[in-house]
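Reader: I have a sequence and a model on my screen. Can you take me through it, one question at a time?

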Amino acid sequence: MSALVPHTSSAALTAAHTPAAAEPGQYLTFMLAGEVFAIGILAIKEIIEYHSLTEVPMMPACVRGVINLRGAVVPVMDPLARFGRKSTDVTKRTCIVIVETEVENEGRLERQVIGVVVDAVNEVLEIASSDIEPAPAFGARIRSEFILGVGKVKGKFVILLDVNHVLSIDEVNPSTAGTPAELAVAH
């Protein structure tokens, strides 16, 4: 698999991830442990085949390792582990979705590129704002701050993830000094 979506600007990324509510628009849907999740398409840089990762010592379980993406060290996260669930096995359909998030660093927002391991990529869907409900207060199997909303598509629910919270490396393990990329270079 090669690049799916062109690189987006920081302003478009910021507009796409307003934490107050899910915005209507296009979402990349994918499978995790038999459930359908989605990420706003403006955060997606590309989709690549799953290949071997370099494990980084002392990382939380949700950080599977790092990959070399055209010369850049990119950390790869397992969202199921982030949600406190067991990871699924790697299959022929397993791939890595390259996502761009924003993190605060000394009062400034900076872009950070992170890989996300998914069981399979489904399709890009247009979800109208009238078909997006707010994140549930209870009953979900993941923390509600990870959810932008729940989209209703063809009579089924799609969980819309807030990538800036789900993929926040600082939030995963604040006691670890440095990002996985910094630690990989140091070792």
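**Strands, turns and a cavity**

Author: Start with Glu 126, which lies in strand S8, residues 120-127. Keep in mind that this is a predicted model.

Reader: Is Glu 126 buried or exposed?
Author: The cut-off for exposed is over 50% relative accessible area. Glu 126 has 58% relative accessibility, so it counts as exposed.

Reader: Which residues does Glu 126 contact, leaving aside its neighbours within four places in sequence?
Author: Val 153 is 27 residues away from Glu 126 along the chain, and their C-alpha atoms are 9.1 Å apart. The contacts asked for are with two other residues. With the sequence neighbours within four places set aside, Glu 126 touches Gly 25 and Gln 26.

Reader: How many bridges join S1 to S8?
Author: The two strands run antiparallel.

Reader: In S2, what is the bridge partner of Tyr 27?
Author: S1 and S2 also run antiparallel, joined by six bridges. They form a hairpin with two residues between them. In S2, Tyr 27 is bridged to Gly 40.

Reader: How many of the eight residues of S1 are buried?
Author: Buried means under 20% relative accessible area. S1 is largely enclosed by the rest of the structure, because the buried share of its eight residues is six.

Reader: What is the phi of Ala 33?
Author: Ala 33 sits in the loop between strand S1 (25-32) and strand S2 (35-40). With a relative accessible area of 33%, it is partly exposed. Ala 33 is not a glycine, yet its phi is positive, about 50°.

Reader: Is Lys 154 buried or exposed?
Author: Lys 154 belongs to the loop between strand S10 (147-153) and strand S11 (156-161). It is not a glycine, but it has a positive phi of about 50°. Its relative accessible area is 73%, so Lys 154 is exposed.

Reader: Which strands stand at the edges of the open sheet of five strands?
Author: The order in this sheet is S3-S6-S7-S5-S4, with mixed pairing. Each edge strand has a single partner, so one side of it is left without a neighbour in the sheet. The edge strands are S3 (44-49) and S4 (63-69).

Reader: What is the bridge partner of Thr 101 in S7?
Author: Strand S6 covers residues 95-105, and strand S7 covers 108-118. They pair in the antiparallel sense over 11 bridges. In S7, Thr 101 is bridged to Gln 112.

Reader: What is the volume of the largest cavity?
Author: The count is one cavity of 30 Å³ or more. For the largest cavity, the volume is about 50 Å³.

Reader: How many residues in the lining of the largest cavity are charged?
Author: Asp, Glu, Lys and Arg count as charged. The lining includes Arg 64, Asp 78, Asp 89 and Asp 119. Leu 32, Leu 80, Val 90 and Val 117 are also among the lining residues, as are Thr 88 and Thr 94. The lining divides into four nonpolar and two polar residues, and the charged ones number four.

Methods:
Residues numbered from 1 in each chain as written. Predicted model: local features only at pLDDT ≥ 70, side-chain atom pairs only at ≥ 80, totals over all residues. Heavy atoms only, no water. Helix = DSSP H or I, 4+ residues; strand = E, 2+ residues; numbered from the N terminus. Buried < 20%, exposed > 50% of the residue type's maximum accessible area, 1.4 Å probe, protein only. Contact = heavy atoms within 4.5 Å. Pairing = 2+ DSSP bridges. 1 Å grid on protein atoms, 1.4 Å probe; cavity = no way out; pocket = protein on both sides within 12 Å on 5 of 7 lines; lining within 4 Å. Points joined across faces, edges and corners; volume = space filled by probe spheres on them.
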